[in-house]
Amino acid sequence: MIFTFKYSSALLKTLGIILCIGFSKMLYGQSVIQPGLNDLTFFKKSSKTWQIVGSVQADLNKANTLNFTNGSGVLLNLPDHQQKGEDLYSLADYGDIDLELEYLMAPESNSGIYLQGRYEIQLIDTWGATAIRSGSNGGIYERWDESKPNGQKGYMGYAPRQNASRAPGLWQKLKISFQAPRFDSNGKKTANAVMLKVELNGVLIHDHVELSGPTRGAIGDGETASGPLRIQGDHGAVAFRNIKIIKYDNGRPAETAQANANTVDPIHIEATENYILRSFMDLPGSPRVVHAVSVGSPDKVHYTYDMDNAAIIQVWRGGFLNATPMWHDRGDGSSRPLGMVQRFGKPAQLLSKLANGQSAWIGDTTGTGYRPKGYVLDAEGRPTFKYITYGITVNDAVKLLEKGQGISRQISLSDNPAGLYFRLAEAANITEVSQGLYLIDDQSYFLRLDESDGSKAVIRDQNGRKELIIAAVKSLSYSILF
């Protein structure tokens, strides 16, 4: 069978563009490396503190301690007093790369990722910190600087733009785009190394940071065009998973900045005091929340409350709100969190009446007699939300935990009829790690049951997901640690 094709000029032009794109990729050459972490063969031999395991958990009350289960997929380092531990080096050397990985810190632990074994991104437990320095989590750590004024020499570095860290015991995602230093044919350096972009937990924390030299403790006596990926191993317990390297075999393509006539100066709101803003709020995979109340604090921990469902839909750490979509030009009424966000899925009411502990959760307020009654502010400007549901008056107060470690929610009911339940969490997986403390959704956040008047929480299966529910009492409090 013979097919005859006719090509229009527009089609030929399109094919030409595709061929050019393909040629560009061939010219620069990209290799994708994803060590499966079934063993340690991706790395050079190191101390016995490094091992491959199946999963890890932290105890929030024990410094530098991680518990693990046997298996594969997770790279774990457990140094102690008997075995201090050593840094871990990849077998291969790399120049320009994009690096993605997830890591989990033990409480008070410390580690680092060194590009080419020389330029360090700091990994450290910086949970809830407000004073951010180059030595904080995600910082470009100190290096020797010859150019300080008055002939002084010393160490310097670059702090992350904000604290986008999660709590110890939670998986954190790091993405780095790195450009190696350039050298001429005689070996003379012609351009410094550059951290083109560093993102921590979805937040841009560094943008085009030029490095005049290597970090303190770098390998070798100087700089070269390539070097190994190095993980610090002598400072504390830490775990890694889902490592992915995109290697630019012939150097990274030059960036081509395109002017955008529609670019505007962003309108950011910083909560220098307790601050409340009502707006629309968009959540991934969910309808727009049209009665959202975002509550900001100077401690840089914030949350959004959905007045239509009496639900906390997200919490975050860092900057408060980007109000550009709402206030620029005519606007669309929406705002966006500026920091590291923990979302809780599709908004659903906290309280529901169930025939028994296995009945399906009623997510919306239809038939509940739900009526929002607004909120009142305390002396410090913090709101307590009020509503009526199932004929019961509910007071819902949210306060920050000490040291910015999360939020505490106190719910008070005017009555306690039979069959009423609280749903505290809904996720792919929920695990009780100690009495009243739960790890939620692949170790994304902790939920701690603080007061339940003797009522016991239950983890149940519903439609292939997990739910944490508890029979309603007149007073209940729990905390979200993230």
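Two strands count as paired if DSSP finds at least two bridges between them. Strands (E, at least two residues) and helices (H or I, at least four) are DSSP runs, numbered from the N terminus. The model is predicted: local features need pLDDT of at least 70, side-chain atom pairs count only at pLDDT 80 or more, and totals for chains, interfaces and linings use all residues. Residues are numbered from 1 along each chain as its sequence is written, and side-chain values use heavy atoms, with hydrogens and water left out.

Strand β35 (residues 465-471) pairs with two strands described here. With β34 (residues 457-462), the pairing is antiparallel and runs over six bridges. Ala 457 has Ile 470 in β35 as its bridge partner. Two residues separate β34 and β35, which form a hairpin. In the turn, Asn 463 has a positive phi of about 55°. Strand β30 (residues 420-427) also pairs with β35 in the antiparallel sense, over six bridges. Here Arg 423 stands opposite Ile 469 in β35.

An open sheet is built from eight strands. Their order is β26-β27-β28-β29-β36-β33-β32-β31, and the pairing is antiparallel. At the edges lie β26 (371-377) and β31 (430-434), each pairing on one side only. On average, neighbouring strands of this sheet are turned by 25° against each other, direction ignored. For such angles, axes are lines fitted to C-alpha atoms (for helices over the stretch in contact), and values run from 0 to 180 degrees between N-to-C directions. Within the sheet, β33 (residues 445-451) and β36 (residues 475-481) pair over five antiparallel bridges. Leu 447 faces Ile 480 in β36.

Gly 331 sits in the loop between α2 (324-327) and β23 (334-337). Its relative accessibility is 38%, so Gly 331 counts as partly exposed. The cut-offs are under 20% relative accessible area for buried and over 50% for exposed, with partly exposed in between (1.4 Å probe, protein chains only). Gly 331 touches Pro 325 and Met 326, leaving aside residues up to four places away in sequence. Contact means heavy atoms within 4.5 Å.

The structure holds one cavity of 30 Å³ or more. A cavity is a set of points, on a 1 Å grid over the protein atoms alone, where a 1.4 Å probe fits but cannot get out; lining residues have an atom within 4 Å of a point. The largest cavity has a volume of about 40 Å³. Volume is the space filled by probe spheres set on the points, and grid points are joined across faces, edges and corners. Among the lining residues are Asn 309, Tyr 370 and Thr 389.

Key. 1 Å grid on protein atoms, 1.4 Å probe; cavity = no way out; pocket = protein on both sides within 12 Å on 5 of 7 lines; lining within 4 Å.
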